[in-house]
Number of protein chains: 2
Amino acid sequence: MAFHLLERERERGLKLAAVLEQAIQRIGHCSQCRNFSEESLCSLCASSSRDRQVLCVVESPTDLAAIEQATGYRGQYFVLMGRLSPLDGLGPEELGLAQLTERLGVGEIEELIIATNPTVEGEATAHYLAQLARAGGVRPTRLAHGVPLGGELEYVDRGTLAHAFGSRQLLD
Amino acid sequence: MAFHLLERERERGLKLAAVLEQAIQRIGHCSQCRNFSEESLCSLCASSSRDRQVLCVVESPTDLAAIEQATGYRGQYFVLMGRLSPLDGLGPEELGLAQLTERLGVGEIEELIIATNPTVEGEATAHYLAQLARAGGVRPTRLAHGVPLGGELEYVDRGTLAHAFGSRQLLD
Ligand SMILES: [Zn+2]
Ligand SMILES: [Zn+2]
């Protein structure tokens, strides 16, 4: 893209640069949920129609968007902007966990939905978050893992099949 | 393959045909679990080391193999050789459900693990099987569905994410 702009469209390139600069300078993080926001409190955190007793922790703004689109969730979010990853220099501090601990301690939140990815680092993060929740007297829950809908057992990886089998549920 | 054999390897082709014919004539179905078997009772059904109080229903021999490879399951199986699919002419009779009902009625089985695929037809079949189990006083269970391990929320389809979110579990 850069080459194309340099060669053919220097004027439009300059405009793009200006818009990008402005956006980067204007967009910060929501002071409450850490998601990207132009305001100090994002529209989701500011909304009076969201349930304040349920908080869903996600790794990224993309995950938040996916949950908003797929589910009818009406609670609030906390965006880690990463996951615990010591090798990448991402610890509790970088993920804003002091802020989360404080929020869990207020007593308003009843359930912490831990929606980190079911990867190795996401699971380690989930484990850590569950401990924070319990310490704050909050019930930690985790999204279900297993065979994806529409999937076929024979094409599912071994680990997922073993997990799905082991955590089978009573049908009622 | 057929062309290659006809042109280049008529002799080996004849041998292959003979082996195939023999295999097809020899391999029938296990009288108890309906899986392919050379004997009237397959080695799995005949084994004295498998738990007879748990029965796992699968759609196909491939699914049985996947579960055997991925899990430490030590119970027995029932292979539908398909799923309820009225448009394809597959009803309870074609899937051997009278035989399954009889087996559930004996009183030996305590849990029926329904491992049909989480597709539309697989779900309808699971629903039907759960009713059979309850009628026979057997506890029906179903493999967990949700986000596959190692997966990322943003790449999971909407239906699966909604289901995973809705059936979240308490972490303890
Ligand atoms: Zn916010
Ligand atoms: Zn058998």
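Where is A:Leu41 found? A:Leu41 sits in the loop between strand 2 and helix 3 of chain A; helices (H or I, at least four residues) and strands (E, at least two) are DSSP runs, numbered from the N terminus.

Before going further, a word on conventions. This is a predicted model, in which local features need pLDDT of at least 70 and side-chain atom pairs count only at pLDDT 80 or more, while totals for chains, interfaces and linings use all residues. Residues are numbered from 1 along each chain as its sequence is written, chains are lettered from A and ligands numbered from 1 in the order in which they are written, and side-chain values use heavy atoms, with hydrogens and water left out.

Not counting residues up to four places away in sequence, A:Leu41 touches A:Cys30, A:Ser31, A:Gln32 and A:Ala46, where contact means heavy atoms within 4.5 Å. A:Leu41 and A:Arg52 are eleven residues apart in sequence, and their C-alpha atoms are 15 Å apart in space.

Which residues are the protein donors of the zinc ion (ligand 1)? They are A:Cys30, A:Cys33, A:Cys42 and A:Cys45, each through SG, lying 2.3 Å from the ion. Donors are N, O and S atoms within 2.8 Å of the metal (3.2 Å for Na, K and Ca); water is not among the atoms, so sites may look incomplete. The angles among the four donor atoms of ligand 1 are 108 to 115 degrees, and the site is tetrahedral. By the rule applied, four donors count as tetrahedral if all angles lie between 85 and 135 degrees; four count as square planar and six as octahedral if opposite donors are over 155 degrees apart and all others between 65 and 115; anything else is irregular.

Along the chain, the donors of ligand 1 follow the spacing C-x2-C-x8-C-x2-C. A:Cys33 lies in the loop between strand 1 (28–29) and strand 2 (36–37) of chain A and A:Cys45 in helix 3 (residues 43–46), so this pair ties together parts that are twelve residues apart in sequence. A:Cys33 and A:Cys45 are both buried, and A:Cys30 is buried too, with a relative accessible area of 3%.

Chain B has its own site. B:Cys33 counts as buried at 2% relative accessibility, and B:Cys42 is buried at 8%.

How many disulfides does the structure hold over all chains? The count is zero, a disulfide being a pair of cysteine sulfur atoms within 2.5 Å. A:Cys56 is in no disulfide, and the nearest cysteine sulfur, that of A:Cys33, is 11 Å away. A:Cys56 counts as buried, at 0% relative accessibility.

A:Cys56 also takes us to the sheets. A:Cys56 stands opposite A:Ile113 in strand 5 of chain A, and A:Val57 has A:Ile114 as its bridge partner in that strand. Strand 3 (residues 51–58) and strand 5 (residues 111–114) of chain A pair in the parallel sense over four bridges; two strands pair if DSSP finds at least two bridges between them. Strands 5 and 6 of chain A are also parallel, over four bridges, with A:Thr141 in strand 6 as the bridge partner of A:Ile113.

These strands belong to an open sheet of five, in the order 4(A)-3(A)-5(A)-6(A)-7(B), with mixed pairing. Its edge strands, each pairing on one side only, are strand 4 (75–79) of chain A and strand 7 (169–170) of chain B.

In a regular strand the side chains alternate between the two faces of the sheet. Strand 5 of chain A is covered on both faces: A:Glu111 and A:Ile113 on one side and A:Leu112 and A:Ile114 on the other are all buried.

Finally, another open sheet of five strands runs 7(A)-6(B)-5(B)-3(B)-4(B), again with mixed pairing. Thank you for your attention.

Key
Buried means under 20% relative accessible area, exposed over 50%, partly exposed in between (1.4 Å probe, protein chains only).
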